[in-house]
Amino acid sequence: MRYIYAIVAVILVALAIISIRMMLMPEREQPTVSSYQTKNFSMAKVSQHLSKALQFKTVSAYAKRDASQFSKLRDYLGATYFSVFEKLDVQSSPGQSLLLYWPGKDKSLKPALFIAHFDVVPEGDDKDWTYLPFSGAMKQGAIWGRGALDDKSQVISSMEAIQLLLSKGYQPQRDLYFYFGDDEEVGGKSAVQLAQQWQDKGLRFFAIFDEGGAVVKKLIPKLKRTAALIAIAEKGILDLQLKATAAKGGHASMPPKRTVIALMSHAISKLDELSKHQQVTPIARDFMSHIDRYLPLPQRMIFANPELFTGQVMKYFSRSPLTRTMLKTTMVPTIFNAGYKSNVIPIAATAIINIRLLPNDSEKSVENKVRRVVAPYDVKVVPVSYTQNRHISSAKTMAYKELQQSIWQSAGMDLVITPWVTMVATDSRHFAMLADNIYRFRAYTIRPKALVSIHGHNEHITQNSLRDMVNQTQILLQEIGSLDN
Ligand SMILES: [Zn+2]
């Protein structure tokens with residue numbers, strides 16, 4: 001009987017803790033309207049401009065990059081946004097990238113940097129597209145083509161916003177830089193060079209803004225509100241090569257006890273298990289504490305008490321493509337090589353493992369984990385390449401607050417805005433040493449299911465989303481441009 005009392009007591013205490021914590025949910029900032037206004041513009045014209053920009057085949061990953069398509073797009077922008085190119089300073093920039101400088105009135109303020117890119121990934125097979133990938137078709141209230149979301153819509157939105165602000169005589173307080181990359185999709189060499197030049201000059205930014213988050217409908221099951229995800233971090237990328245050479249080769253008619261292919265296969269299946277390991281990271285906690293109040297009671301309980309419901313939290317996160325990889329450093333074999341003839345047992349097998357690191361996982365610790373897991377199979381590990389990921393920006397700065405306000409005002413006051421970590425790599429990572437805070441966000445609205453279109457087929461942006469982007473950029477530029485610290 002005593003045991004039953006004890007169990008009941010424990011349950012009651014647990015329930016009390018859960019309810020107290022739910023009652024103590026920190027107050028969230030209420031949506032506020034910015035004091036800055038947007039200027040009206042013709043949606044038909046802006047759509048035309050994007051449609052035209054989508055027709056240039058600025059594919060950076062083609063084996064033979066067509067440089068003329070990049071210069072034609074630049075010429076097109078120059079002619080379409082004449083006043084922008086006349087009033088802002090077009091500075092020299094690496095490769096075929098474009099760098100615009102808008103001088104501010106107060107030179108004592110740190111400048112801000114706005115990043116976008118106009119190169120795109122290859123279009124794939126034309127047959128998979130409803131409208132041809134470089135047609136810029138304007139159909140069904142949307143503009144269709146490769147680059148519609150990633151990232152020509154922001155190139156156009158930035159140009160439109162600057163033009164609108166210039167037309168009403170606006171001049172920022174701080175210097176504003178606009179960097180439009182020409183090779184973001186193939187690693188961003190231009191960005192690397194530019195960042196190096198700026199570092200040599202000792203330039204530091206107040207904040208950096210780039211792509212990486214968006215407005216998402218039906219982000220996770222049961223969340224009724226539309227969410228805006230601001231990525232305050234991005235995953236790092238580590239490529240490791242695995243090598244198995246510790247088995248004999250020979251003729252296939254007389255197989256040895258073990259083969260390099262079998263050893264490698266065992267090692268990789270063990271890595272598969274390792275890659276399922278999940279952890280509730282600080283960013284995931286922050287994320288949950290922003291959306292918990294908009295979930296029904298059972299889910300709210302789970303999100304408000306992640307330490308008590310770790311298993312459920314992980315299950316829940318796994319149900320959306322936007323949160324699925326948020327709790328884990330993913331590892332996947334992408335290249336596998338062994339053997340050349342059907343009757344010859346190879347003496348070496350190699351594989352490349354592509355690893356996407358959470359910001360709290362260091363590349364060394366992950367490499368060591370992999371080493372330990374594959375060691376029993378006599379498989380060696382050689383690091384191939386690594387891009388940094390340790391940079392986590394604060395969601396408490398003025399810049400973040402201003403960004404929030406620009407989102408509420410342009411995309412809807414009922415949006416729940418939350419920090420997030422993006423799984424893709426952006427050009428902003430190359431500038432990480434030049435600023436404490438990088439915020440990655442685009443104001444288009446998307447459903448998780450439609451995300452595959454970004455590097456897949458039928459990429460398109462609705463006119464409503466494009467309108468939100470132009471308005472959000474107008475507000476953000478004024479807010480960041482006018483802050484006096
Ligand atoms: Zn992109």
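**Helix packing around α13**

Tutor: The axes of helix α12 (residues 398-411) and α13 cross at roughly 145 degrees and come within 8 Å. This is a predicted model, in which local features need pLDDT of at least 70, side-chain atom pairs count only at pLDDT 80 or more, and totals for chains, interfaces and linings use all residues. Residues are numbered from 1 along each chain as its sequence is written.

Student: Which handedness has the crossing of α12 and α13?

Tutor: A crossing is right-handed if the near helix is turned clockwise from the far one by less than a right angle, and left-handed if anticlockwise. By this criterion, α12 passes α13 in a crossing that is right-handed.

Student: At what angle do α5 and helix α13 pack, and how is α5 then classed relative to α13?

Tutor: α5 and helix α13 (residues 463-482) have their axes 8 Å apart and pack at an angle of about 55 degrees. Angles under 35 degrees count as roughly parallel, over 145 as roughly antiparallel, 65 to 115 as roughly perpendicular and the rest as oblique. The angle of about 55 degrees therefore makes α5 oblique to α13.

Student: Is α5 largely enclosed or largely open, and how many of its residues are buried?

Tutor: A residue is buried if 20 or more other C-beta atoms, placed from the backbone, lie within 10 Å of its own. Helix α5 (residues 152-167) has 16 residues. It is largely enclosed by the rest of the structure because the buried residues number 13 of the 16.

Student: Which residue just after α5 takes a positive phi?

Tutor: The phi in question is about 80 degrees. The residue that takes it, just after α5, is Gly 169.

Note on methods: Helices (H or I, at least four residues) and strands (E, at least two) are DSSP runs, numbered from the N terminus. The expected span of a helix is 1.5 Å times one less than its number of residues. A residue is buried if 20 or more other C-beta atoms lie within 10 Å of its own, exposed if 12 or fewer, and partly exposed in between; C-beta atoms are placed from the backbone. Axes are lines fitted to C-alpha atoms, for helices over the stretch in contact, and angles run from 0 to 180 degrees between N-to-C directions.
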